[in-house]
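Have it open next to you while you read.

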Amino acid sequence: MITVGLLGCGNIGHIIAKHQKSFSITAVYDQIEARADELAAASDARAYTDFTTFLSADFDIVVEAASVAAAQEYGEVILRSGRDFVVMSVGALSDTEFRERLVRTAKEMGKKIYVPSGAVMGLDNIKVGQISAIDTFLLRTTKSPASLSIRADVPTMIFSGKAHECIRDYPKNVNVSEALTLAAGHEVDVELWVDPDVDRNIHEIFIEGEFGDAYIRVRNIPSPENPATSYLAALSILTLLENLDNPLVIGT
Ligand SMILES: NC(=O)C1=CN([C@@H]2O[C@H](COP(=O)(O)OP(=O)(O)OC[C@H]3O[C@@H](n4cnc5c(N)ncnc54)[C@H](O)[C@@H]3O)[C@@H](O)[C@H]2O)C=CC1
Ligand SMILES: O=C([O-])CC(=O)C(=O)O
């Protein structure tokens with residue numbers, strides 16, 4: 001059974017803990033001690049109040065479900081501790097210097113950095129952008145104003161520009177833009193909308209290139225404890241963990 005050290009005991013952390021099947025969470029860490037204690041009690045894991053002590057516990061892989069800042073602060077030391085690293089706050093990798101250093105460290109240590117598909121679909125074949133031309137690539141994300149803690153009475157575009165700027169401004173809301181960018185090897189354009197009439201987190205992907213064109217629309221149900229985070233994002237980590245040991249690899 002794969003053992004997991006969980007970094008971040010919020011909404012996604014709880015969903016993962018509730019659905020342990022072929023993996024088991026043995027150690028948890030959160031900057032808010034009470035959250036780590038509560039999740040540890042509910043999942044038979046041990047809570048740590050200090051990250052270095054957390055890393056010295058016995059587990060195979062670290063799952064980060066905390067924040068872009070946490071992934072950037074701890075990513076390298078996780079890999080250096082000899083663990084693979086599942087990074088949900090993939091916006092962390094939009095910092096090119098950080099990403100290159102992290103990848104170098106993973107190579108040096110013989111470890112992997114896993115980026116789950118998160119709140120979108122289609123990352124598999126969008127990877128053809130790494131070997132063939134992409135001409136148009138746009139992500140349009142629409143969420144409720146409340147989930148971004150802002151007010152709007154009509155549909156409002158609050159950002160239009162490149163993925164790397166958008167993740168800087170909205171690190172909790174467009175991690176998907178970095179996942180798409182890394183998959184395609186091509187920085188995605190982003191429009192971020194709030195719409196008072198939506199009760200889903202909607203991601204529309206428009207892509208055109210040498211392969212043809214595609215339009216993907218994902219209408220995600222918000223997760224129970226954090227409406228800005230789609231439930232699909234947590235399911236995608238669970239699926240990744242369930243498949244880690246599977247010799248049959250589906251999708252590109
Ligand atoms: N890649 C994707 O498609 C998606 C990524 N996300 C990202 O996943 C992450 C987790 O999402 P949720 O569980 O919904 O968030 P959440 O806010 O419910 O939980 C995050 C937890 O991490 C803890 N945390 C934050 N920074 C920390 C640090 N530096 N050190 C230790 N603990 C820290 C917080 O105290 C909190 O308990 C967020 O960064 C979110 O933006 C969310 C949805 C989709
Ligand atoms: O969960 C979502 O719909 C997307 C999200 O928050 C992110 O990409 O950071």
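The points below go from the domains to the ligands and then to the sheets.

1. **Ground rules.** This is a predicted model, in which local features need pLDDT of at least 70, side-chain atom pairs count only at pLDDT 80 or more, and totals for chains, interfaces and linings use all residues. Residues are numbered from 1 along each chain as its sequence is written, while chains are lettered from A and ligands numbered from 1 in the order in which they are written.

2. **Two domains.** The chain is assigned domain 1 (2-118 + 234-243) and domain 2 (123-226); such bounds come from an automatic or database domain assignment. Their C-alpha centres are 24 Å apart. Domain 1 puts 14 residues into the contact and domain 2 puts in 13, where contact means C-beta atoms, placed from the backbone, within 7 Å. On the domain 1 side, helix H1 gives the largest share, 3 residues. That side has 6 nonpolar residues, 8 polar and no charged. For these classes, Ala, Val, Leu, Ile, Met, Phe, Trp, Tyr, Cys and Pro count as nonpolar, Asp, Glu, Lys and Arg as charged, and the others, Gly among them, as polar.

3. **Ligand 1.** Have a look at the 31 residues around ligand 1, of which Gly8, Gly10, Ala70, Gly118 and Thr229 are the closest; a residue is near if its C-beta atom, placed from the backbone, lies within 6 Å. Helix H1 (11-18), helix H4 (68-80) and helix H8 (175-184) each give two or more residues to this shell, and H4 has the largest share with 4 residues. Helices here are DSSP runs (H or I, at least four residues) and strands likewise (E, at least two), numbered from the N terminus. By class, the shell has 14 nonpolar, 12 polar and 5 charged residues. Domain 1 and domain 2 each supply at least three of the shell residues.

4. **Ligand 2.** Ligand 2 has 13 residues around it, and the closest are Ala119, Asn175, Val176, Asn201 and Ser230. Its shell splits into 5 nonpolar, 7 polar and 1 charged.

5. **H1 under cover.** How many of the 8 residues of H1 are buried? The count is 6, namely Asn11, Ile12, Gly13, His14, Ile15 and Ile16. Buried means 20 or more other C-beta atoms within 10 Å of the residue's own, exposed 12 or fewer, and partly exposed in between, with C-beta atoms placed from the backbone. The cover over those residues includes strand S1 (2-7), helix H2 (33-43), strand S4 (61-64) and helix H9 (231-243).

6. **S1 and S2.** Strands S1 and S2 run parallel, joined by 6 bridges; strands pair if DSSP finds at least two bridges between them. Leu6 has Val28 in S2 as its bridge partner. Strand S2 (residues 23-29) is largely enclosed by the rest of the structure because 5 of its 7 residues are buried.

7. **The five-stranded sheet.** This open sheet is ordered S8-S9-S7-S10-S11, with mixed pairing. Strand S8 (156-162) and strand S11 (212-220) are its edges, each pairing on one side only. S8 runs antiparallel to strand S9 (residues 189-194) through 6 bridges, and Met157 sits opposite Trp193 in S9. H8 lies across strand S7 (134-143), S9 and strand S10 (201-209), at about 165° to S7. Angles run from 0 to 180 degrees between N-to-C directions, using axes fitted to C-alpha atoms, for helices over the stretch in contact.

Technical notes: Two residues are in contact if their C-beta atoms, placed from the backbone, lie within 7 Å.
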